[in-house]
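My notes follow in the order I looked things up.

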Amino acid sequence: MSASYIEQNDTICAVATGMGRSAIAILRVSGPDAISIVDGIFAGRKKVADMETFTAAYGRIVDESEKIIDEAIVLVMKGPHTYTTEDTVEIDLHGGPLVVRSVLELLIRKGARMAEPGEFTKKAFLGGRIDMTEAEAVMDVIDSLSRSALGASMKQLRGELRDKIVELREKLLYETAFIESALDDPENYSLDGYAERLTETLDYISGEIDNLLKTADEGRLIREGIRTVIVGRPNVGKSSMLNRLLGEERAIVTDIAGTTRDTLEEMVDIGGITLRLIDTAGIRDTDDTVERIGVDRAREALNDAELVMFLVDATNGIDEEDMELARQLGGKRVLLLVNKIDSIVKMDASDGKTVADKASIHPAADGTCSQNMMDNAEDRTDIKEPGKYSNNDDLVHIDRLAELKKILEQEETDGLRTLYTSAKTGQGIEELCNIIKEMFFDNSLGNEEDGIIITHTRHKEALIETRNSLGRVRESIEAGVGEDFYTIDLMAAYETLGRIIGETLEDDLADKIFSEFCMGK
């Protein structure tokens with residue numbers, strides 16, 4: 001156990017609401033001396049020690065010289081029926097940073113110490129109030145950035161994963177105990193036909209583990225978000241697309257190619273799932289030193305991407321730089337976005353017709369072109385000649401688009417989808433969100449009525465180890481070895497499952513998990 005967690009009986013304190021300026025700040029104090037410490041700084045009609053559990057009182061916080069620091073409301077919660085299972089007092093103050101800091105310093109002078117990150121929750125875990133999956137779910141709820149992530153975290157917080165793990169461990173423990181009893185007392189416990197019965201139990205447990213593992217990869221994406229990189233050559237609308245998806249002007253947008261010089265990462269919830277959106281510098285060869293650094297970082301981001309939004313310009317056509325970029329996307333999940341599609345319905349001054357009309361694309365009532373309209377126009381050749389129309393922005397090089405898609409298919413991109421969009425007007429954005437869901441998730445994944453979802457890598461690793469141990473039991477059965485050999489791997493599976501809920505968790509791993517929590521929780 002690390003030194004920071006040696007004194008589990010310490011009384012700890014922390015700000016539960018952050019140190020920024022706010023209307024109200026909440027300080028939490030928990031431990032065996034929590035009530036007496038707060039009693040020493042609180043002046044009200046009641047002494048804190050005389051208050052009933054789960055009651056509040058109004059008064060003032062005073063220092064050693066009886067100087068008033070602030071007005072306050074204290075809430076007393078007596079163990080063991082508290083979050084930490086210990087006596088806990090919460091102090092509601094005005095949310096000025098100076099006030100909060102002054103009261104914290106006063107609490108420390110009176111005998112409390114500053115809590116480590118996650119130490120309140122660790123006390124709850126050590127006190128047996130929650131298991132490790134529920135402890136992790138506490139932080140997951142706080143960190144949730146989408147409805148799906150929140151739903152998955154709440155299931156885990158309610159103990160659904162714990163209950164399933166406990167059920168499977170009990171079956172493993174029963175089988176181990178039965179074997180040992182039969183070996184010790186063969187007159188009362190028979191192993192005749194036991195291999196067949198044990199195989200049925202292994203089939204059930206393995207099936208449940210497989211069901212959990214099926215959700216693991218998608219569960220991680222729900223919790224952490226899909227690492228999505230927006231790429232394309234300069235000035236195709238990458239930053240505009242980022243702003244459109246975020247719903248705010250986060251990235252600088254100009255008509256000057258090369259405006260974006262570095263990667264810009266933002267989180268966004270679209271349709272209940274989280275995207276870790278990364279806007280990149282336009283990928284091209286450049287002699288500009290700063291822009292070249294941005295291009296290198298864009299390529300690095302591309303290597304780690306789980307989804308690539310590859311933007312091309314519907315108005316200026318597709319050139320060799322687009323083709324070269326397409327050759328770098330092998331093995332990636334790619335959404336090919338033909339952007340600025342709103343421009344193709346502009347009026348051509350030469351004959352008063354829109355380019356869409358000339359391509360037999362009939363705009364919808366709102367003046368936009370639908371996905372099907374564009375799909376039907378891909379084979380048209382009468383709008384591809386540069387300079388044919390007076391407004392060169394109206395050109396859509398459909399023939400080059402087909403060539404680009406062919407390159408992407410040859411590079412074996414994963415699930416290539418093409419969509420016609422306008423970052424300016426929002427055309428195609430709703431369909432974009434739906435396509436991403438289809439590419440990564442089951443339609444029902446993350447819904448409240450669905451089953452348990454595995455969202456942590458360590459859970460997945462433990463389940464895989466458990467499955468391997470069960471596989472070795474099967475091998476022993478098939479080899480016809482003695483039943484006493486079964487117990488070795490049955491207990492290994494039991495121990496590995498225990499790591500998920502914290503029954504057999506090493507101290508250093510527990511410290512690492514809780515150290516990732518926020519202060520005051």
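**Second largest cavity**

I began with the class make-up of the lining of the second largest cavity: four nonpolar residues, one polar and two charged. This is a predicted model, so my notes are on a prediction throughout. By name, the lining residues are Ala152, Lys155, Gln156, Glu160, Leu161, Ile452 and Ile453. The space inside comes to about 30 Å³. In total I count two cavities of 30 Å³ or more.

**α7 against α16**

Next I turned to helix packing. For a packed pair I want the angle between the axes and the distance between them. α7 and α16 (residues 457–479) have axes 10 Å apart, at an angle of about 160°. An angle over 145° counts as roughly antiparallel, so that is what I wrote down for α7 and α16. The crossing of α7 with α16 is left-handed. On the α7 side, I listed Ala195, Leu198, Thr199, Leu202, Asp203, Ile205, Ser206, Ile209, Asp210, Leu212 and Leu213. From α16, the contact takes in Lys460, Leu463, Ile464, Thr466, Arg467, Leu470, Val473, Arg474 and Ile477. Sorted by class, the contact of α7 with α16 has 12 nonpolar, three polar and five charged residues.

**α16 against α17**

What angle do α16 and α17 make? I get about 170°, with the axes 9 Å apart. α16 and α17 are therefore roughly antiparallel too. From α16 I noted Arg458, His459, Ala462, Leu463, Glu465, Thr466, Ser469, Leu470, Arg472, Val473, Ser476 and Ile477. They meet Tyr486, Asp489, Leu490, Ala492, Ala493, Thr496, Leu497, Arg499 and Ile500 of α17. The class count for this contact of α16 with α17 is 11 nonpolar, five polar and five charged. Leu463 of α16 is on my list for α7 and on the one for α17. Leu470 of α16 likewise touches α7 and α17.

**α7 against α17**

That left the third pairing. The axes of α7 (residues 194–214) and α17 (residues 483–501) come within 12 Å and cross at roughly 15°. Are they parallel or antiparallel? Roughly parallel, since the cut-off is an angle under 35°. I have the crossing of α7 and α17 down as left-handed. Tyr194, Ala195, Leu198 and Leu202 of α7 meet Glu483, Tyr486 and Leu490 of α17. That contact of α7 with α17 has six nonpolar residues, one charged and no polar ones. Ala195, Leu198 and Leu202 of α7 also turn up in the contact with α16.

Last, I went through the backbone. Most residues other than glycine have a negative phi, and most peptide bonds are trans. Where is the cis bond I noted? It runs from Gly79 to Pro80, with omega near 10°. Pro80 is in the loop between β5 (68–77) and β6 (88–95). I also flagged Glu66, a residue other than glycine with a positive phi, near 70°. Glu66 lies in the loop between β4 (55–62) and β5.

Key: Residues numbered from 1 in each chain as written. Predicted model: local features only at pLDDT ≥ 70, side-chain atom pairs only at ≥ 80, totals over all residues. Heavy atoms only, no water. Axes fitted to C-alpha atoms, helices over the stretch in contact; angles between N-to-C directions. Helix = DSSP H or I, 4+ residues; strand = E, 2+ residues; numbered from the N terminus. Parallel < 35°, antiparallel > 145°, perpendicular 65-115°, else oblique. Left-handed = near helix turned anticlockwise from the far one by under 90°. Contact = heavy atoms within 4.5 Å. Nonpolar A, V, L, I, M, F, W, Y, C, P; charged D, E, K, R; others polar. 1 Å grid on protein atoms, 1.4 Å probe; cavity = no way out; pocket = protein on both sides within 12 Å on 5 of 7 lines; lining within 4 Å. Points joined across faces, edges and corners; volume = space filled by probe spheres on them.
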